[in-house]
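Here is a walk through a protein model, one part at a time. Keep the 3D view open as you read.

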Amino acid sequence: MNYKLLQLTYVISSKLFIILNLSIFDGDEMKIVVTIGGSIIIKDHDYKKFRDYAEVLQDLSKEHQIFVVVGGGKTARDYIGIARGLKASEAMCDDVGIEVTRLNAKLLITALGSDAYPEVPHNFREALQFASSNRIIVMGGTEPAHSTDAVGSILAEFVGAELLINATSVDGLYNKDPNKYPDAEKFDEVKPSKMMDLMSSKDIKAGTYEFFDMTAIQIIKRSSIKTIILNGGDPQNIKTAINGNIGTIILPEE
């Protein structure tokens, strides 16, 4: 991160010196939360995608404070399917999926090396605590019934982030799934209330979230967090989102 080093020296008696090194951040720094869908980062079980994301996140961390939430993808859905076959409750299925997201988080931490905090936070308080290390914080799920998007939006609110970036499998928010419907229309800009209308008819179960769930939208609405939904297939799109126009921007309610 872009920190300036301030050295303060206190003298106690004629022989004792206490030197404090304080990190003072540059005024241009932002707190940014990036959510990376499991369908992106673990799609092909290829280490190169973790490496590519690590390189972008490392670059961004030179100027900004970065928090990352990683999803579980098909791997999580496969394990959830097994759990359902064993008659597990939806809460247990969520717990299984959460463990997969944390494994993915550990892989990304490995790719980031010393630039990342070495532990995966289990909750938002830990994430904020670990952030005092001035390293990139990478986490997975937190508790049942919270999607990756919900975790990302709550984290953004909790740490006071200026920007939330949602890296998903499509290049923005559509009125319906563009992978299934060729006539799907993309929104360049959208307000949370409109998103709520689109999502109100969806049935939420573990491993079946699409784009944003209702919890995520409600958090974004009440906090007025600037949010961008973009295609995470190319990690460089995250850099573009910070400095330019890409994907779908979620605007605050008037």
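## A loop residue with several partners

Let's start at N123, which sits in the loop between α4 (90-112) and α5 (124-130). Keep in mind that this is a predicted model. Is N123 buried, partly exposed or exposed? With a relative accessibility of 33%, N123 comes out as partly exposed, because that value falls between the 20% limit for buried and the 50% limit for exposed.

One of its polar atoms lies 3.2 Å from the backbone nitrogen of R125. For the backbone nitrogen of E126, the distance to a polar atom of the N123 side chain is 2.7 Å.

Which residues does N123 touch once its neighbours within four places in sequence are left aside? They are M139 and T142. N123 and G140 are 17 residues apart along the chain, and 9.3 Å separates their C-alpha atoms.

## Two aromatic pairs

How many aromatic pairs are there? The count is two. In one of them, the ring centres of Y117 and F130 are 4.2 Å apart and the planes meet at 20°, so this pair is stacked. Y117 belongs to the loop between α4 and α5, while F130 is part of helix α5, so the pair links parts that lie 13 residues apart in sequence. Y117 and F130 are both buried.

The other pair, F124 with F158, is tilted, with 6.2 Å from centre to centre and 35° between the planes. Here F124 is in helix α5 and F158 in helix α6 (residues 148-159), so parts 34 residues apart in sequence are tied together.

Now for the strands. Seven of them make up an open sheet with mixed pairing, and the order is β5-β4-β3-β6-β10-β11-β9. Which strands stand at the edges? They are β5 (137-139) and β9 (189-190), and each has a single partner strand, so one side of each has no neighbour in the sheet.

Take a look at β10 (residues 226-231), which runs antiparallel to β11 (residues 248-250) and is joined to that strand by three bridges. Across this pairing, I228 stands opposite I249, and I229 has T248 as its bridge partner.

What about β6 (residues 163-168)? How many bridges does β6 share with β10? There are six, and the two strands pair in the parallel sense. One to look for is the bridge from T168 to its partner N231 in β10. As background, strands of a sheet pair through backbone hydrogen bonds, in either a parallel or an antiparallel way.

## Two positive phi angles

Last stop: a couple of backbone angles in loops. H45 lies in the loop between α1 (38-41) and α2 (47-60). Its phi is near 50°, a positive value in a residue other than glycine. H45 is also exposed, with a relative accessible area of 58%.

K87 is found in the loop between α3 (73-85) and α4. Phi of K87 is near 65°, which is again positive in a residue that isn't glycine. Is K87 buried or exposed? At 73% relative accessibility, K87 counts as exposed.

Technical notes: Residues numbered from 1 in each chain as written. Predicted model: local features only at pLDDT ≥ 70, side-chain atom pairs only at ≥ 80, totals over all residues. Heavy atoms only, no water. Pairing = 2+ DSSP bridges. Helix = DSSP H or I, 4+ residues; strand = E, 2+ residues; numbered from the N terminus. Buried < 20%, exposed > 50% of the residue type's maximum accessible area, 1.4 Å probe, protein only. Contact = heavy atoms within 4.5 Å. Polar contact = N/O pair within 3.5 Å; in protein donor to acceptor, adjacent residues only side chain to side chain. Phe/Tyr/Trp six-rings, centres within 6.5 Å; stacked < 30°, edge-to-face > 60°.
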